[in-house]
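Trainee: Hi! Could you walk me through a structure today?
Mentor: Happy to, let's look at it together.

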Amino acid sequence: MKQMLPEGFFQKRTVTLNYASIRHMAASRSHHQLTEWNTDFINWAKTLPYANELNFYELKYE
């Protein structure tokens, strides 16, 4: 069974972002076709500490 799994199945990735890049990503992906980007990513970004003050202070997202 273990031999049937792809090698990437066991790998993990770490991403380091700053608030400026998250703000840019949220603005550019707010009208994206995929739900993962237009809803899930923005909802995740809103859960970050100081998100309203740093990322969403003048941007209006539904």
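**Starting with Val15**

Mentor: Val15 counts as exposed because its relative accessibility is 64%; exposed means over 50% relative accessible area, buried under 20%, and partly exposed in between, with a 1.4 Å probe and protein chains only.

Trainee: Before we go on, what kind of model is this?
Mentor: This is a predicted model, where local features need pLDDT of at least 70, side-chain atom pairs count only at pLDDT 80 or more, and totals for chains, interfaces and linings use all residues. Residues are numbered from 1 along each chain as its sequence is written, and side-chain values use heavy atoms, with hydrogens and water left out.

Trainee: Thanks! How many helices and strands are there?
Mentor: The protein has 3 helices and 0 strands. Both are DSSP runs numbered from the N terminus: helices are H or I with at least four residues, strands are E with at least two.

Trainee: And where does Val15 lie?
Mentor: Val15 is in the segment before H1.

Trainee: Which residues are buried in H1?
Mentor: In H1, residues 19–28, the buried ones are Ile22, Arg23, Met25 and Ala26. Looking down the axis of H1, they fall within an arc of 165°, so they line one face of the helix. That arc is taken from the directions from the helix axis to the C-beta atoms.

Trainee: What does the face turned away carry?
Mentor: That face of H1 carries the exposed residues Ala20 and His24.

Trainee: So what covers the buried residues of H1?
Mentor: The cover includes helix H2 (35–46) and helix H3 (51–54).

Trainee: Let's zoom in on Met25. What is Met25 in contact with?
Mentor: Leaving aside neighbours within four places in sequence, Met25 is in contact with Leu17, Trp37 and Phe41. Contact means heavy atoms within 4.5 Å.

Trainee: Which residues make up the largest nonpolar core?
Mentor: There are 9 residues in that core, among them Met25, Phe41, Leu48 and Phe56. H1 and H2 each supply at least two residues of this core. A nonpolar core is a set of buried Ala, Val, Leu, Ile, Met, Phe, Trp, Tyr and Cys residues joined through side-chain atoms within 4.5 Å.

Trainee: New topic: where is Tyr50, and is Tyr50 buried or exposed?
Mentor: Tyr50 is in the loop between H2 and H3. Tyr50 is exposed, since its relative accessible area is 59%.

Trainee: What about phi of Tyr50?
Mentor: Phi of Tyr50 is near 60°, a positive value in a residue other than glycine. Most residues other than glycine have a negative phi.
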